[in-house]
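Please read them with the model open alongside.

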Amino acid sequence: MVLKLEGIALAVLLISTQAAADPFPARDLNPLLAGFGLPSALPARVPDDSWSIAADFNWASTSLAQRAGTEQLIVDAEIREMRVTIGRSWSSGFAAQLEVPYRHTSGGVLDSAIDSWHDAFGLPEGARASMPQDRIRIAYARGSTVLLDMQSAADGLGDIALDVGRSLYSQTSGAAAVWLSIKLPSGDADRLTGSGATDVSLAIAAERRLGENWSAYGQAGVTRLGRGERLADQQQDIVWNAIAGIGWRAWRGLELKAQLDAHTAVFDEANVDFVGDALVLTVGGDYRFASGWQLDIAVSEDIAVESASDVVFVFGLRRSWK
């Protein structure tokens, strides 16, 4: 028994000293962007001959009303997305992974809890105070033309993505990889589970140790959007995106992290902030168990106000093995 406990303790120590911080599996859950192929946070390090599996859950709440010129936008909804990713890497430095999302959009149950949080800390509520609790309403109009008006819950399979990567370098002090992602139109644009088009992305992910307890990571990418079925006349062809984060190993397998996610506007000729450029801050941590599993828990906030969901709760569970 003593030898077993010592072995577990040694495994935890090795995990915490060798592994750099990984990006949070956070996503922009703006319902108007559902299914557009902005790449997920991709690994910078490609291990030799291994399999990986991840289950990520993002739960977002949004309540806003925006007006700019002839445009009017109301988004009062909750979105829950579960994404399962299965990956394989080879000693040649190549890797591939398949991402399968399932998305649910409804009025949700979080409004009361978020209102209480705002009241307790004196935070501004914006449009929340004037909107019914746990209602779903997603409406967008330009002048007298209503382009979208959703008032009932919907769910379904989202747009599946295939990612193929190649390690650029991998050392103890850091690593980098380039990834090509193809997102397929397996979702339903009318149910806000997909865009109705195939998108292609190219991204570079990197990580770097900054000492015994600190590490940094980042990703930069560009996406070529296919012509979708939602607001197609206003859709951009190219969207740029980036991730930057820093991690601090607080205790053994516990890593505390802060991460910025940004992307340029998916739609042009739109003046309301919610369909423009987005900047989101995610804070939280991950814990690496001796068994090899990693658990992520975090919260995202739109620091460019009303450019993304009000709040997103982020959960992730992942493991790799040879």
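1. Searching the whole structure, which is a predicted model, turns up 3 cavities of 30 Å³ or more. The largest cavity holds about 580 Å³ of space.

2. Lining of the largest cavity. A total of 45 residues line the largest cavity. Those nearest its centre are Ala 26, Arg 27, Asp 28, Leu 38 and Pro 39. By residue class, the lining of the largest cavity splits into 19 nonpolar, 13 polar and 13 charged residues.

3. Secondary structure. The chain contains 15 strands and 2 helices.

4. Overall dimensions. Along the principal axes, the C-alpha atoms of the chain fill a box of roughly 70 × 45 × 30 Å.

5. Burial and surface. Of the 322 residues in the chain, 46% are buried, meaning that they have under 20% relative accessible area. The chain has an accessible surface of about 14,800 Å². Carbon and sulfur atoms contribute 62% of that surface.

6. Contacts along the sequence. What share of the chain's contacts with a separation of 6 or more comes from residues 24 or more positions apart? Such residues account for 65% of those contacts.

Key: Residues are numbered from 1 along each chain as its sequence is written. This is a predicted model: local features need pLDDT of at least 70, side-chain atom pairs count only at pLDDT 80 or more; totals for chains, interfaces and linings use all residues. Side-chain values use heavy atoms; hydrogens and water are left out. On a 1 Å grid over the protein atoms alone, a cavity is a set of points where a 1.4 Å probe fits but cannot get out, and a pocket is an open set with protein on both sides within 12 Å along at least five of seven lines; lining residues have an atom within 4 Å of a point. Grid points are joined across faces, edges and corners, and a volume is the space filled by probe spheres set on the points. Ala, Val, Leu, Ile, Met, Phe, Trp, Tyr, Cys and Pro count as nonpolar, Asp, Glu, Lys and Arg as charged, and the others, Gly among them, as polar. Helices (H or I, at least four residues) and strands (E, at least two) are DSSP runs, numbered from the N terminus. Buried means under 20% relative accessible area, exposed over 50%, partly exposed in between (1.4 Å probe, protein chains only). Contact means heavy atoms within 4.5 Å. Accessible areas come from the Shrake-Rupley method with a 1.4 Å probe; for residues, only the protein chains shown count as cover.
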